Structure formats: structure tokens, C-alpha cells
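Student: I am new to this structure. Can we walk through it in short steps?

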Amino acid sequence: MKKINEICCIGAGYVGGPTMSVIASQCPEINVTVVDINQERIDAWNDADLNRLPIYEPGLKEIVAQSRGRNLFFSTEIDKAIDKAQMIFISVNTPTKTYGKGKGQAADLKYIELCARNIARVAKNDKIVVEKSTLPVRTAQAIKNILQNTGNEVSFEILSNPEFLAEGTAINDLLNADRVLIGGDETPSGQMAKEALSGVYEHWLPKEKILLTNVWSSELSKLVANAFLAQRVSSINSISALCEKTDANVQEVSKAIGFDSRIGPKFLQSSVGFGGSCFQKDILNLVYIARSYGLNEVANYWEQVILINDYQKQRFADNIVTSLYNTVSGKKIIFYGWAFKKDTNDTRESAAIYVADALLEEKAEIVVYDPKVSEKRIYADLDYLNTREPTENRRLLKVVKEPIEATKEAHAIAILTEWDEFKNYDWKCIFHSMLKPAFIFDGRRLLDTEKMNEIGFKYYKIGES
Ligand code: UDX
Ligand code: UDX
């Protein structure tokens, strides 16, 4: 395989957009074209105003500004981009199935399959196809079957190259990756394809950080990495419940165990529960695969990580109801934050959605402020749950752009996302505008306990009695 100089990526989302922008910025001699079926999204990627890119990610707009129009292009002309490319990344979404076999657990691969069929139809010369979306193990095999049974003379190499970027730090994670994983066939042509992709990353990463494996190890490693990370969060969250019943403080426990170099300090921050497009979905995939091989003990073990996460969200909502004298009906509760973590406008599986849904069932009146999430998104998230009529969601929940004014005559504030700006609010002024007793439910352990108590708040912090 000669050197790669034409790359195409199908899917201009949270993964495809930032990843391709970084590749283009680091490899000036490679043309990178990102395509998507969604015209609105592509228009946003091409917007002259870089503040209107479709996703918010620190450092992204600077990188897009550097390369867009030079060797980075966003387009809806999918066939043309496939035809030109030597290497095609598939980075479309793979939601959990909402119908049929594996409903609620297995990943829906229809978009992946559509992409594969499209590539098979258009390709006139050899291509390397790279799965970038997180997928159940064995998907590469399925893609290969579709591509190889098209009847033309084109030969395809399928690689698995899972993404490890975390939202909010995507650009840094890409530029300073802990490792890059490339899975492919152990045949000479498979080896060559792996080397070709490795060559792209070697523009900015040392070769020792690029791990070459077989396809299945690579696919499975992605699921396992996310399962281990999520497991740490559920582990500490389970302990937070115990801390609240005793005089232990979860922060002190995290710190004490994190000092053990075998455990390490990261991912031990207790919270209202993990969210994001990957953790839950990847664990569900792992559970589904294990179960499909009859490994029920393994499946049950990993499923528990999700059950604890659901418990944590429910516990947080229940505690709000109990603290507000067992009824929140007609009470104004302010939500600070809707995104699944700070520095992103992504809300997929955000704990805020489920906490809001539980409180709306109790007829609370919720007012949401999030610095980056749109009103449209918030209602879409709630409507998707289908718990009540959309009109009812709009009647009971309001979205505001002004966080302080919103607190007027509120009964309680719940912190759902750890946005830095919340720390610097004038909490004395907020206290004065609220009804008394004024409650704060801090699901992110963001504020200072002593200071909040001093101001006069009834302050509840996850993991402290
Ligand atoms: C991620 C990852 O790729 C995946 O690993 C993870 O498991 C969940 O989703 P992400 O980039 O976050 O994808 O998803 P999203 O922001 O929804 O972007 C996917 C894009 O693919 C969308 O813009 C969609 O319009 C596009 N798409 C989807 C196509 O272009 N063609 C299709 O056939 C389907
Ligand atoms: C994750 C993985 O980190 C990344 O490698 C993979 O490619 C995609 O999935 P992401 O979902 O973007 O990334 O965010 P991450 O930072 O991992 O956080 C996931 C969730 O866990 C967030 O809701 C976060 O608030 C929560 N979390 C994380 C905690 O509650 N406590 C912690 O200590 C860490």
C-alpha cells in the first residue's frame, strides 16, 4: 500500500468531526473529507462563524480554522468522497436497539450496514475501511462479508480503530493519546493496511503508543475499557450511598484508596451517575455478547454496573422529594446543568434527563439552565422517554438563559453538571432570592459545604451525611 493521501470519513458527529479535524491539522499532505447525510450538520461544519460548529469542544474551532478549505472538507457528497478515498472511516452512530431482538441491549447496526453497502456500490479501486464507531465484537466480519460479496474486483481491508476520546477533552485526548489501537487481519495485506493507518497516526504520536492487534481483540478492548471506567464510577457511587448513612465522607475515601498506586486516583469522583453515549451502550453490548454465549455469570456481573448507575440517579431524585417534605408537586426546582458532563453540549444518557423525569412524575416544576445545551435538545431528550405528553413536558419544565434570575422563589437547586461557572455564582444573592428553607442538592460535589451552610442553605452533597 502506498502512502495515504486521501481519507474520507462517513459521519460528522462527536467522533468523526474532531478526529478528522485533528488528522487534517497534523497531516497537511492528506486530504480529509468528512461526509454526512445530514445537510444541516454539514452546513454548520462549514459555517463561516466558528462559534456555530455543530459540536462544542474546547480547542476544536482553532483546529478547524487551521485546516478547513485547505485539506479538511465537509460535504454531503458521500459517493464522490468514497470514490476518491484510499481509506474510509466509518463513524456513524450505533444506538441501542429500540425494537426487535436484543431490544434495549444490542447495538443497532443498520447505519453501519448502510455505509458498507454504499461503499461496496461506489468503490472502483482497493480501499481500507476503518471502523471508528464503537461496535459489538464481530462487526468487522459482517462489514467484510457485505463488502466482499459485491461481485466486483475491488479488494477491501477492514480495520478496527476504536476511539478513546472523551468529550470535553477530545482534542487533547487525540493529540496526546495514551494509545492508539488498530486491529486487522494477520494476513500480509491486513498487516499492510494496519501499517498504513499507523503511518497516519505516526505524524504526531510515537510508534510505541500504536498497538497492532487482531480485529476481535481491538473491538473487544474498546468495550472492556469503557466497562472498566464505568465500573469505577459505579463502585465509588455505591460507596457514596454508604457514606451518606455513616459519618464517612466519600471524597476522603476516594482519596485514601486513590493513593494506592495500584488503584490510582482517576475516575473515582462520586456523582449523580455517569452518562454519555458510550458507557451504558458499551456495557449493554458486553452483557449481550456474554449472554449470547451462555456466560450468564459474566453478563450479570457487568450488568450490575448499570444497575448501580440507575440506582444512583433514582436515589438522587428520591432524596430531593424526601427532603422537600415528601412532596415536590408545584414546587420550583432549578436544574443547574443538563449535559452529561461539563465542557460539552452532548446530553446523551445524561443523568439530568432521568432525574428530571422522576421529579416531573411527582409534578415538580423544573427550570433548567445549561450554558451550552439548547432548549430544543432538552425537550427532545424528555420527549424521547415517552413518559408523558410533549405538551406536559413543556408545561412543567422551562428552559432559561439567565441562571440567577431563575432562582427567584425557588424551593431548591439541583446541580446536575459540574460546569465551572456554577462555582463562581453569587450564592448569597441566590439564597436571598429563594424561598426558605433554601435547598441545594449537589450531584457533582461542586460547592464548598462549609460556605453553603454558612450562607444558610440546607446543603446536600452526594456522599456526605
Ligand atoms: C458515536 C461514535 O461514533 C460511536 O462510537 C459511539 O458508539 C456513539 O456515537 P458520534 O460521533 O458521537 O458517534 O455520533 P453522532 O454525533 O450521532 O454522529 C453520527 C453522524 O453520522 C450523524 O451526524 C449522522 O447524520 C451520520 N450518519 C448516520 C450518516 O452520515 N450516515 C448514516 O447512514 C447514519
Ligand atoms: C468515555 C471514555 O472516557 C472514552 O475513552 C470513550 O472513548 C468514550 O466514553 P465520555 O463518555 O466522553 O468518554 O466521558 P467520560 O469523561 O468518560 O465521562 C463519562 C461519564 O462518567 C460522565 O457522565 C462523567 O460525569 C462521569 N464520571 C466520570 C463520574 O461520574 N465520575 C468520574 O470520576 C468520572
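Tutor: Start with the classes: Ala, Val, Leu, Ile, Met, Phe, Trp, Tyr, Cys and Pro count as nonpolar, Asp, Glu, Lys and Arg as charged, and the others, Gly among them, as polar. The model is predicted, so local features need pLDDT of at least 70 and side-chain atom pairs count only at pLDDT 80 or more, while totals for chains, interfaces and linings use all residues. Residues are numbered from 1 along each chain as its sequence is written, chains are lettered from A and ligands numbered from 1 in the order in which they are written, and side-chain values use heavy atoms, with hydrogens and water left out.

Student: How many nonpolar residues does the shell around ligand 2 have?
Tutor: A residue is near a molecule if one of its heavy atoms lies within 4 Å of it. Around ligand 2 there are 20 such residues, with E167, Q269, S271, K341 and R444 coming nearest. By class, five are charged, four are polar and the nonpolar ones number eleven.

Student: Which helix gives the largest share of the shell around ligand 2?
Tutor: Helices (H or I, at least four residues) and strands (E, at least two) are DSSP runs, numbered from the N terminus. Four residues of the shell come from one helix, residues 215–245, and that is α9.

Student: How far is an oxygen atom of ligand 2 from an N or O atom in the side chain of S271?
Tutor: A polar contact is a pair of N or O atoms within 3.5 Å; within protein, one must be able to donate a hydrogen and the other to accept it, and residues adjacent in sequence count only if both atoms are side-chain atoms. Polar backbone atoms of the protein also take part: L268 has one 3.4 Å from a ligand 2 oxygen, and F340 has one at 2.8 Å. For the side chain of S271, the distance is 2.6 Å.

Student: How much of the accessible area of ligand 2 does the protein cover?
Tutor: Accessible areas come from the Shrake-Rupley method with a 1.4 Å probe; for residues, only the protein chains shown count as cover. On its own, ligand 2 has 660 Å², and the protein covers 90%.

Student: Is S271 buried or exposed?
Tutor: S271 sits in the loop between α10 (250–258) and α11 (279–292). Contact means heavy atoms within 4.5 Å. Not counting residues up to four places away in sequence, S271 touches V233, N237, Q312, G443, R444 and I462. Buried means under 20% relative accessible area, exposed over 50%, partly exposed in between (1.4 Å probe, protein chains only), so S271, at 5%, is buried.

Student: Which backbone oxygen lies 2.7 Å from a polar atom of the side chain of R445?
Tutor: R445 is placed in the loop between β13 (439–442) and α17 (449–455). Its relative accessibility is 10%, so R445 counts as buried. Beyond four places in sequence, its contacts include N249, Q269 and K461. The backbone oxygen at 2.7 Å belongs to I462.

Student: Which side chain has an N or O atom 2.2 Å from an oxygen atom of ligand 1?
Tutor: Of the 19 residues around ligand 1, D36, R41, T134, K281 and R348 come nearest. An oxygen of ligand 1 is 2.6 Å from a side-chain N or O atom of R41, and for R348 the distance is 2.8 Å. The side chain at 2.2 Å is that of K281.

Student: Which residues have the most contacts inside the largest nonpolar core?
Tutor: A nonpolar core is a set of buried Ala, Val, Leu, Ile, Met, Phe, Trp, Tyr and Cys residues joined through side-chain atoms within 4.5 Å. The largest has 59 residues. Its largest share, eight residues, comes from helix α13 (residues 351–361). The residues with the most contacts inside this core are F335, W338, L397, W427 and F457.

Student: Which peptide bond is cis?
Tutor: Most peptide bonds are trans. P437 is in the loop between α16 (427–433) and β13. With omega near -5 degrees, the cis bond runs from K436 to P437.

Student: Is I37 buried or exposed?
Tutor: I37 lies in the loop between β2 (31–35) and α2 (39–45). The relative accessible area of I37 is 75%, so this residue is exposed.
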